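Visitor: I have not read a model like this before. Please take me through it one feature at a time, with the general idea ahead of each case.

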Amino acid sequence: MNKKEIIDILKAENTEGVLIKADTIRRKYCGNIVHLRALIEFSNFCKKQCVYCGINSKIKNVIRYRLSENEIIETAKKASELGFKTVVLQSGEDDFFGTKKMCSIIEKIKELNVALTLSLGEKTKEEYKAYKNSGADRYLLRIETTDEKLYKKMHPNADFKNRIKCLYNLKELGYETGSGILIGLPEQTVDSIADDILFFKKLNADMIGLGPLITHKETLLKNYPCGSFELALKALAITRILMPNINIPATTAMETLLKEGRKIALKSGANVVMPNITPEIAKENYSIYPNKQGINALDKIELENLKNEIISIGDTISNDYGTSKNFIAQKHL
Ligand code: 5AD
């Protein structure tokens, strides 16, 4: 698919065929298997000012929290006891957890025999290296948009080139590397979304997460409409068609915007779900956007319902680490 073909699909009204094709490709290359990841949002302190994000440093109306090292490890233990084979540690860009603290947390979580994904934002190559040496396996860092002008508007005091550099550093260090974008940023065009998708391919990302923007009333984007679910779904399906063996989550933003969003995404190329295992009091304040939905991993019924939903669309739940097939293929080169 070239850029023009991508744009045509992004603009098209009837894309049923593309969604079915993405589903077929996912099943052929990744199997009839869905991977579950336990997400721990361990700190909502953030030094960045991403204009769309409800926990950016400018937002005063949010209770800031940090889980203690012990709470993080206990939560990860719970995830492992519940059968999760991957733990995802996510936070705002919070310098409180310096390299030493982070490495100690990573080492303890790795004793639980789980794959560990980090999503902590932009760090130096040395920091990424230290995390890797402590046992971290994967890293998620969305580029958010590859349109440099738009990136600058959306991210005051941030450096687009550094973000790109971070992604290549992660790749170089041997991380299973994830990126992704927001769909529906103000002034974002389908042309730029096509560039984003081509960037995923150029980076040779192992995982891609994308979702619609959900506007937050405390942010500068409060008067903007939310992103389009359909457009996000088309972008997901095209990404799957172009990158058959990567991992793609049905993101929480997609299920927040549409009740059946998760199921639809899983039937259109996605093969991962990330239930949230953050302790309840903390979770409420990880308000990146309003009405954040998603599976509560600590609720047995919710988790059971998710498993039933996965079975209902012809999939089984993975019982391995769920390493991206794209990553495995590179290791064998
Ligand atoms: N709506 C949807 N997604 C958002 N994110 C941040 N703010 C919002 C929002 N208002 C996404 C970003 C970030 C990820 C953790 O959450 O893409 O990378």
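Guide: Start with burial: a residue is buried under 20% relative accessible area, exposed over 50% and partly exposed in between (1.4 Å probe, protein chains only). Ser179 has a relative accessibility of 3%, so Ser179 counts as buried. This is a predicted model, in which local features need pLDDT of at least 70, side-chain atom pairs count only at pLDDT 80 or more, and totals for chains, interfaces and linings use all residues. Residues are numbered from 1 along each chain as its sequence is written, and side-chain values use heavy atoms, with hydrogens and water left out.

Visitor: In which strand is Ser179, and which residues does Ser179 touch?

Guide: Strands (E, at least two residues) and helices (H or I, at least four) are DSSP runs, numbered from the N terminus. Ser179 belongs to strand β6, residues 176-183. For touching, the rule is heavy atoms within 4.5 Å. Not counting residues up to four places away in sequence, Ser179 touches Leu141, Arg142, Ile143, Leu167, Leu203, Met207, Ile208 and Gly209.

Visitor: What does the side chain of Ser179 reach?

Guide: A polar contact is a pair of N or O atoms within 3.5 Å; within protein, one must be able to donate a hydrogen and the other to accept it, and residues adjacent in sequence count only if both atoms are side-chain atoms. The Ser179 side chain reaches the backbone oxygen of Leu141 at 2.9 Å.

Visitor: Where is Ser119, and is Ser119 buried or exposed?

Guide: Ser119 sits in strand β4, residues 115-119. With 10% relative accessibility, Ser119 counts as buried. The side chains of Ser119 and Gln90 are joined by a polar contact of 3.1 Å. Leaving aside neighbours within four places in sequence, Ser119 is in contact with Leu89, Gln90, Ser91, Tyr139 and Leu140.

Visitor: How should I read the largest nonpolar core, and which of its residues touch the most other members?

Guide: A nonpolar core is a set of buried Ala, Val, Leu, Ile, Met, Phe, Trp, Tyr and Cys residues joined through side-chain atoms within 4.5 Å. The largest one here has 100 residues, of which Leu89, Ile109 and Tyr131 touch the most other members. Helix α9 (residues 229-242) gives the most to this core, namely 10 residues. Take Leu89 as a case: beyond four places in sequence, its contacts include Ile40, Phe42, Ile72, Met102 and Ile105. Ser119, already discussed, is also touched by Leu89.

Visitor: Which residues surround the ligand?

Guide: Being near a molecule calls for one heavy atom of the residue within 4 Å of it. Around the ligand are Tyr52, Cys53, Gln90, Arg142, Glu144, Leu182, Pro212, Leu213, Ile214, Ile288 and Tyr289. Gln90, the polar partner of Ser119, is therefore part of this shell under that rule.

Visitor: What is to be noted about the backbone of Glu144?

Guide: Phi of Glu144 is near 70°, a positive value in a residue other than glycine. Glu144 is placed in the loop between β5 (138-140) and α6, and its relative accessible area of 11% makes it buried. Asn291 also has a positive phi, of about 55°, and is not a glycine. Asn291 lies in the loop between α12 (280-283) and α13 (300-312). Its relative accessible area is 62%, so Asn291 is exposed.

Visitor: Where is Asn56, and what does its side chain reach?

Guide: Asn56 is in the loop between β2 (38-43) and α3. At 5% relative accessibility, Asn56 counts as buried. Its side chain reaches the backbone oxygen of Cys50 at 3.0 Å. Asn56 and Thr219 are 163 residues apart along the chain, with their C-alpha atoms separated by 8.5 Å.

Visitor: How far is Cys50 from Lys152?

Guide: Their C-alpha atoms are separated by 9.6 Å, and the two residues, Lys152 and Cys50, are 102 residues apart along the chain. Lys152 is in helix α6, residues 148-154, and is exposed, with a relative accessible area of 52%.
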